[in-house]
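Take a look at the chain below. A short exchange about its fold comes after it.

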Amino acid sequence: MYGKILNLKFSNMEEAQLAASFFTENIGLKIAEYKIVGFNVFIGQKGDLNVSIKFEDVSAIKNFEAKYSNIIEGLRKSLVFKETVFLGVCAYTFEKEAALTEN
């Protein structure tokens, strides 16, 4: 699994919340189009935003990378932030699935 991790620092939590909505709208609503297999958005109390996007194969992440600059440009026009991006291969992941158990 391949991933793109975005770490963005905003001046306050309200701006981070706006950015979270931006990513939900511009990436989260296009999960099938971008062939995303995992998508998480975390907001920190001091205006930090962490976006984790996971892809199954290299072609999917390359396709997303080609579109990413257009996606992030809309946010850059609206808010001031510091951006750190990390591309990598997932070494380990665990997510407990919610399960309904009835007796």
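Predicted model: local features only at pLDDT ≥ 70, side-chain atom pairs only at ≥ 80, totals over all residues.

Author: Residues are numbered from 1 along each chain as its sequence is written, and side-chain values use heavy atoms, without hydrogens or water.

Reader: What is the order of the strands in the open sheet?

Author: Strands are DSSP runs (E, at least two residues), and helices are too (H or I, at least four), numbered from the N terminus. Two strands pair if DSSP finds at least two bridges between them. The sheet has four strands with antiparallel pairing, in the order S2-S3-S1-S4.

Reader: Which strands stand at the edges?

Author: An edge strand here has a single partner, so one of its sides is left without a neighbour in the sheet. That describes S2 and S4.

Reader: Which residue of S4 is the bridge partner of leucine 8?

Author: S1 and S4 pair in the antiparallel sense over eight bridges. In S4, leucine 8 has as its bridge partner glutamate 83.

Reader: How far apart are the end C-alpha atoms of helix H3?

Author: Helix H3 covers residues 58–78, which is 21 residues. The expected span is 1.5 Å times one less than the number of residues.

Reader: Is isoleucine 43 buried, partly exposed or exposed?

Author: Isoleucine 43 lies in strand S2. Buried means under 20% relative accessible area, exposed over 50%, partly exposed in between (1.4 Å probe, protein chains only). At 37%, isoleucine 43 is therefore partly exposed.
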